[in-house]
Amino acid sequence: MRVVVATVQVPFINGGAAYMTNGLIRNLRARGIEVEHLTRPFRFGPAKEVQRSMDEWGAENADEFDCGEIERVICLNFPSFYLRHHNKVVWLMHQHRAVYELFGTPYGAATNDPESTQLKEEITRRDVASLRDAKLVCTISRRVSTRLKDFNNIESEPLYQPPPNSERYYCSAQLGYIFVPSRLEALKRQDLLLRAIAKARSPIAAMIAGDGGCRGELERLANQLGIEDRVRFLGRVKLDEMLAWYANSLAVYFGPHEEDYGFVTLEAMLSSKPVLTCTDSGGPLEFVRNTHSGFVCEPEPDQLAARIDWLWVNRDVARDMGRAGRALYEARKISWDHVLDRLLA
Amino acid sequence: MMRLAMNPSGPMEPAPQSPTDADGLMERIRAEVEQRRARAQDAAEVTEIAVGSSPALNAEEIMARVRTEIARRHAQSARTALPGEVALAMATMIHEVHLPRWQPAASRLPEQSQYVLGDFLRFDDSDFVDVAYQALLRRPADLEGRQGYLDALRSGAISKVEILGMIRFSEEGRRQAVHVNGLLLPYKLHRWRRVRVIGWLLGMSLAIFRLPRLAWRLQGMEASAAREAQETGRLIGRIADAIEQHFAEEDDALYALRTELTQTVTSRVEGLRAVTERAGALQAMLESVRDSLLTSDETLYRQIESISNSLRASDTERAAQLKVVQEVLASNETKMAEFAKALDTNAETLCGQIETVRNTLRGSDANNAARHKQIADRLSVHEAALSKLDEQAQSDHRSLHALLDRLAFFLDASAQQAGNLAIGNDEDGPSLEEQYASFEQAFRGDREQIKARAAHYLGTLAAAGIEPGDDAVIMDLGSGRGEWLEVLAEHGYRGCGVDSNRGMLEASRARGHEVVEADALDYLRAQPKGSVAAVTSMHMVEHMPHPVVIRLLDEALRVLRPGGVLILETPNPENLLVGSCLFYMDPTHLHPIPPPLLQWTVQQRGFERVVVERLSEHRGSSNLTPVSDKILGAEQINQMIAWFTVAQDYAVIGKKPKPASG
């Protein structure tokens, strides 16, 4: 079987997108499928460049190569899904956010610019046309599906991928700390956790892994709150260390603002640990069952502190919550096998 | 949820490992990571050894291993493919098959000490050679000899007789000395046949001689060959029988095997079906268990939700109550803060304004001028009121000018007197004290007026429980012209004046008052502790430096009896005219003392219930009167008018604390 995986490429930007693409290709090959990665460079601006990229992908027809028939094309991002093929499926990371949920915000295109407005209209129209052309539209999470429904009125199916090294997570002791793995950025809201730690009545500690632009600010905040003896900033940690931090924690905090997917939730579940998250955290809400496998609370330090104290006191229940999380993970069929089954169906 | 209720751990139950010890936690995790790494490395090394040894194998070894493996697998599959009994039966059967072997018709020659030639001639070819060796040399033929004789015999080069002879009459044959009847002569004849002429003759005669025997021998040979053929045919028949029987047995075995296999397969299939059924039943059971688990899970979840909801609700309720209380407290606090702030602001404004106006009036520096301008600006807004104020100010100015004129006059006089003092003799010249007495006369007011003012304090004494007729003295420091002593005497009190001005003292003594010439502080120091009912002082502290006032207060406190009263009267600088001008009419005044300062000082030195009384009775009245509220800015104007019309004197009154009773 021959499969083409189509993506755009922004040189030297290798984040979750690269992980997802490589994971997909590796697992397809493991099934004995012939895979070719089809990619073109992409620029997020100016509008003219975006337009050019759209036209190029749209002009490409994967039915007409000289290699014989390509049975399937899997497109992962905008505008690679403009590629034409009789058997095209889309597994969407996200759309061109600048003209959708970020439109009119400081992160997206300006509403008062006629060029951007025109681009927005064209992208919306062509997105709808090319997605309707696909045999199957999947997304990486329910949030992305919801946006696709809201903005383009297109139904899609969330298809979850497992976190990297998912088979290596394990559960060990239950020590008195909350594990906080994430990049140190404002949107990840580690500050909320620090404020909760300061308000908690239990002598709980917080272990914060990861690095980022907010580190100095967070360290200052910890000092200011007088909890510097209960908080440690671990910086970037190696994989086996991270596994151990997960495995020995009382619970894992992951309360970002409007996250699309978020591996942290799944990693905590794989480590059989309860997850503390917030009502506006997005992705985690698709997996955490409040009071069953963790807590979902308002993004308020007092509420978060109350839940931390509760877990501190009810350790047996905390352990059961962690196990329930692991069971939920397993019940969700989050595996590359399942991803491939759907994309090749 | 049951576990929640039963969980006995307290809210601050310490963890097995001190939880706040963040460094301890870090240490522990690091140790675990190290341990796991070590374990992973061990595993990796083992794998490497296994992998590393494989290239050492050569192709043969690999092949051999593969073959062994294949063989093992085959054996395994063979064993597992057949039921045990069948395999065993087949193995025994194969070993028991023995086909009949060819047995030559002539039997071997038994070992004897002598033979007849004919015994040997029955045998042919290799049999003959073997038999000859065995019989004559008592041993099997050696390969070389056997082959040599066989070749010669088969080529017809020599006869059997010759061979027998050659073996018998060889060295080895002679040693064995096996006798063969009838060998020697034929052997010799055969040998001679090899000699020319004789050999030919001998051959011919021998042939003629042996013809009848030849026919007989041919017959014997024919019979022997026929017997061999028959024997061979019989053997073939037996072999065929054996093979047929073998095949029949094989067939039986195969049939048995097939039957057994069929039975096994059937029983297996049945067993499998039973297992499948059991598995189905188990599956059904599992599903029902899982369903019930799910249901109970759901129920539990709902219970947890409802309990956490109710907890949250009660939390919310409590929070709401708390919030109400907090709000009330907060609003109270805010109000208090506002009140305090308002007070502060008022006090500040007041002080600021006092300061501003005082500074403006003094006109001492540019900053004050600016403030003056500010006030002037504000006043100009209210022109109507201002004109009225101007008029009043002018009238005040007039009285001020009158006073200033009198002062100028006095100053002139004193300058003159000073000049006189400088020129004239000390004892003859009028003293400064005398001048003060006259100054008092001139400026303080007339005697009756002063008495009327002092009479105010009779009430104070009464309030302090100091009754007329009390033995204890009322000590008046700086008694001056003795007006207060006179009032006291008139009301039956025992007063005692202290003054250092002789002129004043004489005037008092002349009126029959008890007065002492002394420095007020020195005199107080000399008095015993707790001996005085009241210490009064009118218009004296403003003559003293602050440290002296403090010592005076300490001494007064000492000499007063518990509950005794202290009265200090002094000009009130809150009145701008007093503060800025009138106070300085007395050249012996040091500086005006603001009422709060004196009050605070008295209190601070140990007096209690210290109050300020502003005194305006019997001190004339200002012609500045408040304006009507209807006038624009009346409030501010009236405030300013008050600065000029407030009481000109004030008194600070305090009491010596009584020792705590009982």
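Visitor: How many nonpolar, polar and charged residues are in the lining of the largest cavity?

Guide: The lining has 6 nonpolar, 3 polar and no charged residues. Ala, Val, Leu, Ile, Met, Phe, Trp, Tyr, Cys and Pro count as nonpolar, Asp, Glu, Lys and Arg as charged, and the others, Gly among them, as polar. The model is predicted, so local features need pLDDT of at least 70 and side-chain atom pairs 80 or more, while totals for linings use all residues. Residues are numbered from 1 along each chain, and chains are lettered from A.

Visitor: What makes a space a cavity?

Guide: On a 1 Å grid over the protein atoms alone, a cavity is a set of points where a 1.4 Å probe fits but cannot get out; lining residues have an atom within 4 Å of a point. The lining residues of the largest cavity include B:Met544, B:His546, B:Leu597 and B:Thr601. Helix α22 (595-604) of chain B is one of the elements giving two or more residues, and α22(B) gives the most, with 3 residues.

Visitor: Why are α8(B) and α10(B) called roughly perpendicular?

Guide: Their axes, lines fitted to C-alpha atoms over the stretch in contact, with angles from 0 to 180 degrees between N-to-C directions, cross at roughly 110°. Angles of 65 to 115 degrees count as roughly perpendicular, and therefore α8(B) and α10(B) are described that way.

Visitor: Which residues of α8(B) meet α10(B)?

Guide: B:Val161, B:Glu162, B:Gly165 and B:Met166 in α8(B) do, where contact means heavy atoms within 4.5 Å.

Terms used. Heavy atoms only, no water. Helix = DSSP H or I, 4+ residues; strand = E, 2+ residues; numbered from the N terminus. Parallel < 35°, antiparallel > 145°, perpendicular 65-115°, else oblique. 1 Å grid on protein atoms, 1.4 Å probe; cavity = no way out; pocket = protein on both sides within 12 Å on 5 of 7 lines; lining within 4 Å.
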